[in-house]
Amino acid sequence: MPFEIDFFPAGESKRSGDVIAFRFGGLTGPADQTVVVVDGGFSDVGRTIVDHVTNVYGTTYVDLVISTHPDGDHIAGLESVVRDLGVGALWMHQPWLHTYETHGLYKDQRVTPESVRKKLQKSLEEAQILEKLATERRIPITEPFTGVAAFDSIYVLGPSLPYYQSLLPQFRSTPKVELTDSLAKALTATLTSDPARMLKRLQESLWEESLDDGGQTSPENNTSVILHLFIDGQRMILTGDAGAPALNQAADVLEAYGFAPESLRFMQIPHHGSKENVGPQILDRLIGAIGTRGTDTWRAYASVAPEGAPLHPAKKVTNAFRRRGAAVSVTAGKGINFFSGVPMRPNWSAVPVLPFYSEVDE
């Protein structure tokens, strides 16, 4: 079954965003394909997605729209997609629907489920707009938790509902919570790394890496939808901004189904290649240990702004993927795609692969 996955350029200067669209099927016409949009980047990218689906995919209908999480660099552009194209279904989390299950965790007992719901709705305005548009257009909304699936090709690896609800009270817009020991261990509470870690450079080799397992991303990022795609006999993973705790839960699901890391053919590098989202341990579980895969035997892409470096992508992250066999490419202001069973598009060229860097930022 042929397919095409497109990573759009999203973000200007140093602000990176995520926009992905893909289609699969016979690809001979609108009736012979399934079209999916995953995230919409910033609001100014929405029109670009609509034009791409219309002019490149040759249709005005999207079978499924997926919002991985409500950060503005992922969700804002989806408003144009839902407003200007026909949409069959929308997958998005609705955090304001879970306040009754989580309100008992708040330290201030005067906090009510209704007050938390209003705070979330106010702070997550883009998600509210998207929900309202879908409701007005009678587009069914499903919350994408582990096990949700579509078209016999798309499967949600994470987050699970319990994990999502454990993260929800840690959103920036919610009141402080009284953490139990188990909840504290489940959460990642820091939003940024220590700037001092960027002050020096380190030497790396194919067998020695400086990337560690100490990175921490935000709770909002760890609620990202992690997707497993199985199309044309190829396994692929889209990760949004998920961090190591969320990715480890996804790896648990994959291992339970008997999927070997070496069978993965494509992966989105989480959070624009941030070093806060992955470490050697989770990479070994998802894509294989160093030396287990041949050089450039599979692909990994990251959506990054033209001036996103050195944070997006971090060289120690792209090196980690390279030493595990991936041919790594980034958008950096240009659209890139991964395809199977179809010819390369006219006027497109082979996607450049990042080199292995002997020196990385600490």
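**Exercise 1. State how many cavities of 30 Å³ or more the model contains, and describe the lining of the largest cavity.**

*Solution.* Step 1: the count comes to 5 cavities of 30 Å³ or more. On a 1 Å grid over the protein atoms alone, a cavity is a set of points where a 1.4 Å probe fits but cannot get out, and lining residues have an atom within 4 Å of a point. Grid points are joined across faces, edges and corners, and a volume is the space filled by probe spheres set on the points. The model is predicted: local features need pLDDT of at least 70, side-chain atom pairs count only at pLDDT 80 or more, and totals for chains, interfaces and linings use all residues. Residues are numbered from 1 along each chain as its sequence is written, and side-chain values use heavy atoms, with hydrogens and water left out.

Step 1: the largest cavity holds about 60 Å³ of space. Its lining consists of R235, A251, L254, E255, F259, A260, P261, R285 and L286. Helix 10 (244–256) and helix 11 (280–287) are the elements that give two or more residues to this lining; helices (H or I, at least four residues) and strands (E, at least two) are DSSP runs, numbered from the N terminus. Helix 10 provides the largest share, 3 residues.

Step 2: by class, the lining has 6 nonpolar, no polar and 3 charged residues. Here Ala, Val, Leu, Ile, Met, Phe, Trp, Tyr, Cys and Pro count as nonpolar, Asp, Glu, Lys and Arg as charged, and the others, Gly among them, as polar.

**Exercise 2. Identify the residues that touch the most other members of the largest nonpolar core.**

*Solution.* Step 1: a nonpolar core joins buried (under 20% relative accessible area, 1.4 Å probe, protein chains only) Ala, Val, Leu, Ile, Met, Phe, Trp, Tyr and Cys residues through side-chain atoms within 4.5 Å.

Step 1: the largest core has 34 residues, of which I226, M267, L286, I287, W298 and F321 touch the most other members. Its largest share, 7 residues, comes from helix 10.

Step 2: beyond its neighbours within four places in sequence, M267 is in contact (heavy atoms within 4.5 Å) with residues including L286, I287, W298 and F321.

Key:
1 Å grid on protein atoms, 1.4 Å probe; cavity = no way out; pocket = protein on both sides within 12 Å on 5 of 7 lines; lining within 4 Å. Buried < 20%, exposed > 50% of the residue type's maximum accessible area, 1.4 Å probe, protein only.
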